[in-house]
Amino acid sequence: MDAYQGNGLAALADPTRRTIFERVAERPRAVGELAGDLPVSRPAVSQHLKVLKAAGLVSDRAAGTRRIYAVDPRGVGALRAYLEQFWIRSLADFKAAAERRDEEVS
């Protein structure tokens, strides 16, 4: 699990894990509920959730004998900030290209 510590992109690379994350993003869920909707075992869902938690993408809380998993906004925010730097750079490059084109046309 340590390979995923704080690494949201690596954690979301697995399609099953991505599906679990998307379902938890809809609303908080328990392992049993997630496992009932997926073609993997409950222990496998638990392992995927451990990876997502290590990556900082989900958090959990006790509810009786169950654990309820929810999206961790801090981890998602860090992932978004990482990806946003590429978007900002792309927009800046687009703006520079458009301004060069305007200068060439004038």
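Q: Is Asp72 buried or exposed?
A: Asp72 counts as buried, because its relative accessibility is 9% and the cut-off for buried is under 20%. Keep in mind that this is a predicted model.

Q: Where is Asp72 found?
A: Asp72 lies in the loop between strand 3 and helix 5.

Q: And which residues is Asp72 in contact with, leaving aside its neighbours within four places in sequence?
A: Those are Gly56, Leu57, Val58 and Ser59.

Q: How many bridges join strand 2 to strand 3?
A: There are 6 bridges between strand 2 (residues 58-63) and strand 3 (residues 66-71), and the two run antiparallel. Within that pairing, Asp60 stands opposite Tyr69 of strand 3.

Q: What about the hairpin of strand 2 and strand 3, how many residues sit between the strands?
A: The hairpin has 2 residues between its strands, and Gly64 there takes a positive phi near 70 degrees.

Q: Over how many bridges do strand 1 and strand 3 pair?
A: Strand 1 and strand 3 pair over 2 bridges, in the antiparallel sense. Ala30 stands opposite Ile68 in strand 3.

Q: Changing topic: which residues make the nonpolar surface patch?
A: Leu9, Tyr82, Leu83 and Phe86 make the patch, with an area of about 360 Å². Helix 5 (residues 73-105) gives the largest share, 3 residues.

Q: Where is Tyr82 found?
A: Tyr82 is in helix 5. With a relative accessible area of 40%, Tyr82 is partly exposed.

Q: Why does 40% make Tyr82 partly exposed?
A: Because buried means under 20% and exposed means over 50%, with partly exposed in between; the 40% of Tyr82 falls in that middle range.

Q: What about Arg100? Where is that one found?
A: Arg100 is also a residue of helix 5. Its relative accessible area is 47%, so Arg100 is partly exposed.

Q: How many residues apart in sequence are Arg100 and Pro73, and what is that in space?
A: Arg100 and Pro73 are 27 residues apart in sequence and 39 Å apart in space, C-alpha to C-alpha.

How values were computed: Residues numbered from 1 in each chain as written. Predicted model: local features only at pLDDT ≥ 70, side-chain atom pairs only at ≥ 80, totals over all residues. Heavy atoms only, no water. Pairing = 2+ DSSP bridges. Helix = DSSP H or I, 4+ residues; strand = E, 2+ residues; numbered from the N terminus. Patch = residues over 30% accessible without salt bridge, like charges linked within 9 Å, V, L, I, M, F, W, Y side chains within 5 Å. Areas by Shrake-Rupley, 256 points an atom, 1.4 Å probe, with all protein chains shown as cover. Salt bridge = Lys/Arg side-chain N within 4 Å of Asp/Glu carboxyl O. Buried < 20%, exposed > 50% of the residue type's maximum accessible area, 1.4 Å probe, protein only. Contact = heavy atoms within 4.5 Å.
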